[in-house]
Structures are given as structure tokens and as C-alpha cells.
Amino acid sequence: MAVTTDSASVIDQVRAYWNRRPCNVRHSTSPVGSKEYFDEVEARKYFVEPHIPKFADFERWRGKKVLEIGCGIGTDSINFARAGADVTVVDLSDESLQLCETRFDVYGLKAHFYLGDAEELSKVVPVEKYDLIYSFGVIHHTPRPERVMEQVKLYCKPETEIRLMLYSKWSWKVLWIILAYGKGAIWRSDELVREYSEAQTGSPVTYYYSFRGVRWLLRDYDVVDVHKDHIFPYRIDKYVKYEYQWVWYFRWLPTPWFAWLERRLGWHTLITARPRSASTA
Ligand SMILES: C[S@@+](CC[C@H](N)C(=O)[O-])C[C@H]1O[C@@H](n2cnc3c(N)ncnc32)[C@H](O)[C@@H]1O
């Protein structure tokens, strides 16, 4: 577990980490903040993670209120707004939120922006009821995920849908990290996953969940669907140069077999949940 010191200092480390290099900030080589830059960030993100638009289902939220927790530089946020949703975003990292705001300016779109810690969401974002509460790849990076889930209840009405992505424990990625960086030292897996889960090494907090762990974290919610997706198939040395070549061992795998493997060992656990009626009282 990451939380060996007090949580206040850990959250500071988390903020500093994402400020140093906001998520996906190097997805383009164009001038940061330009339209070309944001277009390229989006194209690369959805090219390598094509399951995201399907999971977010942007069009479905036209005219609805969407709260995104941990918006990063706003790739999904802007797509909710483009689809016609009334978007509210929050992020811990000021560098990330600033880029997200710039992105909305560049495309002439509007959202409500809040800077702060989702573990204390109600101190940061005015409490209102939302149709969708969306958080992709965020809650596993905060020291106390259960606090976020507790806070989320305040923003739920009975019909609210919650869509989350949490990292998967039983995944190709975890196996690969343990083998490639830990030489098989499975007992060091928590530390290894923290170190190597992201493009930038040394994430202060990265949890990863079995389906059972997901159900425990969401024990006060009704989990409607939980499944895995996403194995990153590209050679890293090529990928960092914006070239896309599959690693040899996946290259010859028929597409349906690769998709089958993603369902079993994908790195992204995609969760759809609803509040229990008691939580929204
Ligand atoms: C991997 S990035 C994901 C960003 C975005 N959801 C995406 O998919 O591009 C994780 C984000 O979560 C944010 N984050 C981590 N802990 C947080 C917390 N306690 N409250 C709010 N945001 C947090 C980080 O600042 C970072 O922007």
C-alpha cells in the first residue's frame, strides 16, 4: 500500500506527480495549448484506447448533467461537452485543470471547472445531483478511494449512472510489470505497479483491483456491469516516437483471440454502477 505516511502528505505527492507531467500531455508534439495539439492528443488517445468512447458513450449524455472526477487535460470532458452535456469537472492537479480549461476555450465550449481533492469533493464542488458521474483512471491514484466513493453519494439521485475505470489486478500489464521490472518478484507487485503503472515512473499511489475488490469498494452501490478491456499491444520504443508497431507475440494473434485476451486480462476494469436508494436519500 502506498499510504505509509499521513494522507495529507501523500495527496501532496499525488498532486505534485500529476503536475510534473499531466496525463497524456506528450500525446502530441505540436505547441501545447494549440488546437492542433488538442486534436492530436485526442486522436492518439482514442487510437490506443479505442474502448473509451464506447464506454463513455458521449452522445447518450446530450442535455444531461455530467460530473467528471479527475478530468486531467480533458480529452473525455471535451467530448461530453461536444455531445451537448452540461459538464462539471474537478481535478487535483492545477497544471492539468489549466490545460483542460484552455482546451475548452480553444473549442469555444463551456464547463464548470473545480480544482481540488475528490476525497473532499463536497468542499470543492457544489453539491447538486448529476445524471452521470464519470471517472476514468483516477480513483486508484488517490490514497483513500473509499472516501471518494462516500462523497459521490452526495451527487447521486436514484437514476444517476456511475461509470468508472479502475486498474485490474489480474491483468497482462501487472504480469508484464512483475516479469519485466521485478524479475518475477510477485511479492513486490504493489511497489512495482506503483513505480511502472504510468508513462512517468514513480506514481505515489496506484491501486489495482480484482472484481471482488471492485465490489468491496462499491459495496454501497449496485454494480450493473463490470468487465475488463485494454491490453496495450505496441512496442514502447516505437510508441514514444509516435510509431505504432505491435510487439511480436501479439502481432500474429488473430483479432478475436486478442479481444478474448483483453476481456480476461485487460488492464482497465470498466464499471457501471447505480446508487442504492438509501444512499441518495
Ligand atoms: C491517469 S490521469 C487520468 C485523467 C483523465 N481522467 C484521463 O483519462 O485522461 C489521473 C488524474 O487523476 C487526478 N487525481 C488523482 N487523485 C485525485 C484526487 N484525489 N482528486 C481529484 N483528482 C485526482 C490526477 O490529478 C490526474 O489528472
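A residue is buried if 20 or more other C-beta atoms lie within 10 Å of its own, exposed if 12 or fewer, and partly exposed in between. By that rule, helix H9 (residues 189–196) has the buried residues Leu-192, Val-193, Arg-194 and Tyr-196. The model described here is predicted.

**Overall shape**

- The protein chain has 281 residues, of which 40% are buried.
- Along the principal axes, the C-alpha atoms of the protein chain fill a box of roughly 50 × 40 × 40 Å.
- The radius of gyration of the protein chain is 18 Å, which agrees with the value near 19 Å that a compact globule of 281 residues would have.
- Among contacts in the protein chain with a separation of 6 or more, 69% join residues 24 or more positions apart.

**The nonpolar core**

- The largest nonpolar core has 66 residues.
- The residues with the most contacts inside this core are Val-66, Ile-69, Val-87, Val-90, Ile-133, Val-152 and Leu-166.
- Strand S5 (residues 156–167) gives the most to this core, with six residues.
- Val-152 touches Ile-133 and Ile-162, when residues up to four places away in sequence are not counted.

**Helix H7**

- The buried residues of helix H7 (residues 145–152) are Pro-145, Val-148, Met-149, Gln-151 and Val-152.
- These residues are on the same side of H7 because they cover an arc of only 160° around the axis.
- An α-helix has 3.6 residues a turn, so residues three or four places apart point the same way.
- The buried residues of H7 pack against S1, helix H6 (121–124), strand S4 (130–136), S5 and helix H10 (211–217).

**Helices H8 and H9**

- In H8, the buried residues are Trp-172, Lys-173, Val-174 and Ile-177.
- The buried residues of H8 pack against H9 and helix H13 (255–265).
- On the H9 side, the buried residues pack against helix H8 (172–180).

- Asp-57 is a residue other than glycine with a positive phi, near 55°.
- Asp-57 lies in the loop that runs between helix H3 (51–56) and strand S1 (65–69).
- Asp-57 is partly exposed, because it has 15 other C-beta atoms within 10 Å.
- His-230 is not a glycine either, and its phi is positive at about 80°.
- The loop between strand S6 (221–229) and helix H11 (236–239) holds His-230.
- His-230 has 23 other C-beta atoms within 10 Å, so it is buried.

**Three further residues**

- Lys-54 is part of helix H3.
- With 11 other C-beta atoms within 10 Å, Lys-54 is exposed.
- From Lys-54 to Val-87 the separation is 33 residues in sequence and 18 Å in space, C-alpha to C-alpha.
- Val-240 sits in the loop between H11 and helix H12 (248–251).
- Val-240 is exposed because 11 other C-beta atoms lie within 10 Å.
- Val-240 and Ala-199 are 41 residues apart in sequence, and their C-alpha atoms are 9.7 Å apart in space.
- Val-226 belongs to strand S6.
- Val-226 has 17 C-beta neighbours inside 10 Å, so it counts as partly exposed.
- Val-226 is in contact with Phe-211, Val-214, Thr-269 and Ile-271, leaving aside its neighbours within four places in sequence.
- Val-226 and Phe-211 are 15 residues apart in sequence and 7.4 Å apart in space, C-alpha to C-alpha.

Technical notes. Residues are numbered from 1 along each chain as its sequence is written. This is a predicted model: local features need pLDDT of at least 70, side-chain atom pairs count only at pLDDT 80 or more; totals for chains, interfaces and linings use all residues. The radius of gyration is taken over C-alpha atoms; the globule rule is 2.2 Å times the number of residues to the power 0.38. Two residues are in contact if their C-beta atoms, placed from the backbone, lie within 7 Å. A nonpolar core is a set of buried Ala, Val, Leu, Ile, Met, Phe, Trp, Tyr and Cys residues joined through C-beta atoms within 7 Å. Helices (H or I, at least four residues) and strands (E, at least two) are DSSP runs, numbered from the N terminus. The arc is that of the directions from the helix axis to the C-beta atoms.
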